[in-house]
Amino acid sequence: MKRIASMVLAIAMLLTIGLAAAEAYTTDFDVPATGKPLVIYSWNDEFQGMLKNYYIPAVGGTVEDDGTMILPNGDKIEFVINPNDGGVYQQKLDAALSAGEKLDMFLMEADYALKYVNSDYTLPLSEIGITEDALKDQYPYTVDVARDENGAIKGSSWQAAPGLFLYRRSLAEKYLGVKTPEEMQEKVKDWDTFLETAREVAKASENATKLIPSNGDVWQVIRTKRESPWVNDDLELVIDDQVKWYFDFAKTLRDENLTANANPWSEAWNAGIGNDSIMGYFFSTWGIQWVMTGNCGGAAPGEGTYGDWAAVDGPQPYYWGGTWLAAASSCENKPLVKDIIEYFTIEEGSMKDYCLKSKDYVNNTVAIQNIIDAGFTFDFLGGQDHYSLFQAVTPLIDTSTMSPYDQNINMLMDTEVNSYVNGDKDFDTAIADFKNAVVDMFPEITAE
Amino acid sequence: MKNMATGRKNKSVSYARYGYLFILPFFLVYIVFQAYPLINTFYLAFQKYMLTGAGKWVGPKFVGLDNFKNVLTKGYAIRALSNTSIMWIINFIPQIFLALLLAKWFTDTRMRIRGQGLIKVLVFMPNIITAASISVLFYSLMAYPQGPINSLLATLGVIDANIYANPGTAALVAVRFLEKGWYTRIAIAFINFWMWYGNTMIVLISGILGISPTLYEAAEIDGATSGQSFRKITIPLIKPIILYTLVTSLIGGMQMYDVSALMLQDGSPAKAMIQTNTMYIMELVYSGTKDYGRGAAVSILLFIVTAVLSLILFFILRDRDENMVKRRGQK
Amino acid sequence: MKYSVRIGLKKALVYTVSFVLCVMSVMPFLVMFVNASRENYDIQQGISLIPGNMLKENMQTLRDRQNFNVARGMWNSFQVAGLSTVLALYFSTLTAYGLVVYSFRLRKAAFTLIMATMMIPTQVSIVGFFTFMFRMGLTNTYWPLTIPAIASPTVVFFMRQYMLTALPLEMVEAARIDGSSEFNTFNRIALPLMKPALATQAIFIFIGSWNRLFEPTMLISSQDKYTMPMLVALLRSDRFRTDYGTVYLALSLTVLPLIVVYLLLSKHIIRGVALGGVKE
């Protein structure tokens with residue numbers, strides 16, 4: 001439920017075998033050699049793959065048999081990858097940053113990006129030679145997220161993460177009699193209608209299929225509708241009306257048994273993408289071409305559930321996740337970090353090339369517009385152009401409720417929601433326990 | 001014998017330096033590599049020192065016993081201590097009994113269990129895999145609603161066969177094992193039991209094998225049954241090893257972390273009943289605000305509890321231990 | 001006759017209990033090995049004891065992984081675990097011998113200190129330790145993972161307790177009279193007597209060291225120095241797209257050397273090592 005982000009590589013390559021013959025994208029490279037490797041911290045090998053498969057070939061570097069990346073000037077790029085699970089990535093990153101271990105660049109996810117943006121461990125982009133004006137084609141919200149308290153921009157994202165509701169065309173037709181995405185959108189246009197539809201699916205399928213995997217998936221969406229972040233400027237915990245609404249909604253879903261009880265990222269949750277137990281998922285950009293294609297049980301229309309999906313706006317606009325590139329304060333090779341950030345997050349040509357081959361939704365309005373204008377379709381979604389839907393949602397993204405505390409507080413709330421819907425606690429007790437838990441984890445915060 | 005003893009007594013004075021020499025490498029390495037975390041933990045327990053959720057450093061500032069007062073009156077330290085103790089007790093008591101029983105069987109020369117080599121190898125196997133791999137397995141066994149345990153209950157008719165049935169319509173529905181405190185506690189205790197009884201057994205066996213066989217032979221000639229030999233010879237003679245087992249299990253139990261942490265699903269309400277002290281320390285120091293002061297205070301409290309309990313064990317089992325060293329050393 | 005019936009019944013009980021325990025112990029290995037031959041999608045659909053037919057494919061996937069080098073991972077793990085085991089065994093036995101055989105003023109204090117160090121959880125100070133290792137230039141080397149094994153309180157404790165049962169001081173005395181130096185007595189007489197204890201602890205230390213994940217993760221950054229568990233963690237690093245077939249295959253590979261080590265060492269946990277010594 002925490003986190004986020006990302007995308008591509010293995011699947012990208014799979015999807016684009018047909019494009020392999022397409023001409024390779026190239027760009028100039030004039031970064032002086034330093035004789036030292038560039039060290040990048042990440043939580044998976046996705047960005048490593050992006051460098052290996054896009055950046056290195058484009059600048060004319062080489063990738064050796066054992067995977068070592070060598071730039072045209074002879075410098076190497078090295079990765080330190082540690083899993084997000086159990087918080088290992090941040091533990092190691094924090095230790096390396098505070099000890100002064102060699103580290104030039106690292107990746108941040110939306111859930112905790114602000115923690116690093118507001119710290120001294122990230123360099124303002126201006127210090128590595130990237131002006132705010134250079135980011136003008138990025139979706140504005142991605143720039144705002146990386147802005148620290150003093151207005152400096154401390155990171156840059158290669159992707160935007162607007163969210164949609166994805167559903168199975170065949171199951172929708174079977175249980176709801178719905179034939180087109182437009183009809184489906186009518187069935188999920190707001191939360192009341194959504195709930196009715198959930199009841200309809202459960203009833204028509206005799207509980208064999210559910211509209212959504214779990215109540216946690218609803219939180220992913222509704223949290224973006226809050227009016228205040230979890231913690232206000234006076235360091236007080238704010239329990240927004242949406243939180244109360246969510247407790248009630250989750251309770252209804254549980255009492256009427258309207259979800260498949262597959263918590264986000266659980267085995268059943270992943271498996272549901274490939275079987276008929278779950279009709280729909282909330283996903284943003286990276287979730288479709290990375291998570292869904294990976295778990296659908298096929299790689300071409302007709303295989304598994306590939307091609308049987310379609311996207312609609314869903315009950316409300318939302319965003320989910322995103323990954324930002326940051327230059328570490330200990331960065332020893334600013335020109336190279338600048339070049340990499342420009343390649344993936346600023347230059348239209350390279351971003352368009354990457355977008356077409358990977359199906360990742362890049363953070364460049366001009367490149368996206370060009371791609372849509374040229375006629376974009378995705379066979380995983382039965383030939384739908386979901387980029388147009390993304391493009392409509394993205395301007396509506398409001399990240400003002402994002403806070404450095406999100407990852408942890410969301411998890412603490414989850415514990416209490418589950419107690420509440422399981423019937424272990426009443427609402428007031430759950431909220432009181434939630435406040436205690438937050439204050440225990442963040443002693444600087446007060447709760448009423 | 002007599003004259004040898006006197007000769008030795010004079011010499012034993014000069015041998016003392018060998019004592020220091022032999023333990024020197026241990027303490028040298030200890031001071032260089034391990035003393036720091038220990039001293040640092042004591043130091044931090046008396047400081048207000050944290051990195052807030054927003055990334056700001058606070059302290060270090062000396063605050064006396066504030067951290068201790070804080071963790072004893074607020075937060076979850078006491079709850080964690082009780083969770084840890086409960087899960088340790090329900091794992092360790094069956095574990096030591098089973099291990100003793102197996103050790104007795106496999107060292108009993110009269111019983112001659114065939115294939116015991118293989119059995120000894122197999123029952124130790126769970127100790128070879130990491131807690132992570134084992135937890136993943138139990139995690140899926142206990143999954144809701146389609147995990148094998150729930151499916152089995154459905155097949156047996158204990159719960160409704162339609163595991164997706166509406167709670168209102170079915171008499172009994174699939175169980176959320178991983179969200180129910182007691183089920184999760186028992187699962188954690190069981191995994192720990194199952195991972196470690198083989199290890200405890202091997203330790204006890206190696207202790208029993210250190211006993212001179214002549215003692216058993218003599219007992220057998222005197223007509224002692226194998227049960228009598230075990231009670232009168234084995235148990236008293238392996239008391240030091242039993243003490244080792246009890247104390248290290250106590251220490252390991254009090255610092256229980258892996259299995260409980262891995263069996264805690266994100267957002268599971270079982271957290272209140274399975275969060276151990278070490279998990280709580282990790283949460284204080286690595287999640288949210290990194291509160292080193294309170295984390296260190298909980299560590300010291302855990303140390304005090306462990307030390308007191310260990311002292312009690314040493315006291316109860318002392319006759320063949322410290323006394324024996326004294327007797328031997330002075331000989 | 002009656003006696004043999006009783007023995008027979010007892011044996012039946014022993015075999016039944018042992019059988020149940022063995023089945024319980026083998027199950028997770030079976031599931032692990034079976035899953036190593038299944039496809040990700042199948043594994044997600046549930047547990048099975050019937051092997052799949054994807055073993056070759058999973059092996060290929062593992063070989064193709066950009067960060068996964070089994071041979072190097074094994075060798076790295078072997079260096080760390082092997083050196084840790086040797087150091088911990090020798091120096092812990094030496095320390096325990098010092099505490100048991102010699103009488104000196106700080107003996108009790110030294111033992112108490114060793115015990116106390118086991119009882120204090122030091123997770124709080126790990127970041128401090130990491131910083132300290134960095135300042136000494138020891139991060140990204142195996143030294144902080146192996147040298148500290150010289151000070152292994154648990155092993156010292158075990159060896160001490162074992163010596164109280166199984167090391168006859170008469171033999172030490174006898175050796176002295178024969179003119180053996182103290183170190184010689186330890187190396188030539190005490191160590192061999194401790195064989196079952198050494199084998200037992202060697203197994204535990206090797207397994208513990210081989211399976212370690214947290215410290216190596218914090219201390220090692222170069223991928224060519226990653227140990228097996230770190231490589232497995234890498235395979236699982238992407239929760240969005242974990243290929244469980246290859247994860248289980250990697251886990252199976254990680255466990256195999258441990259089974260071999262255990263089989264080799266458990267042979268030495270036998271009766272009668274002390275025999276020759278006690279009978280004079």
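User: What separates the centres of domain 1 of chain A and domain 2 of chain A, and how is that taken?

Analyst: The distance is 29 Å, taken over C-alpha atoms. This is a predicted model, in which local features need pLDDT of at least 70, side-chain atom pairs count only at pLDDT 80 or more, and totals for chains, interfaces and linings use all residues. Residues are numbered from 1 along each chain as its sequence is written, and chains are lettered from A and ligands numbered from 1 in the order in which they are written.

User: What makes domain 1 and domain 2 of chain A domains?

Analyst: The bounds come from an automatic or database domain assignment, which divides chain A into domain 1 (10–160 + 321–386) and domain 2 (163–319).

User: How many residues of each domain of chain A count as in contact?

Analyst: Domain 1 contributes 14 residues and domain 2 contributes 17 residues; contact requires C-beta atoms, placed from the backbone, to lie within 7 Å.

User: Why are β8 and β9 of chain A called edge strands?

Analyst: In the open sheet, the strand order is β8-β7-β9 (chain A), with antiparallel pairing. Strands are DSSP runs of E, at least two residues, numbered from the N terminus, and two of them pair if DSSP finds at least two bridges between them. β8 (280–284) and β9 (309–312) of chain A each pair on one side only, and are therefore edge strands.

User: What makes β7 and β9 of chain A a pair?

Analyst: Four bridges join β7 (residues 163–168) of chain A to β9(A), and at least two are required, so the two strands pair. A:R168 has A:W309 in β9(A) as its bridge partner.

Definitions and conventions. Contact = placed C-beta atoms within 7 Å.
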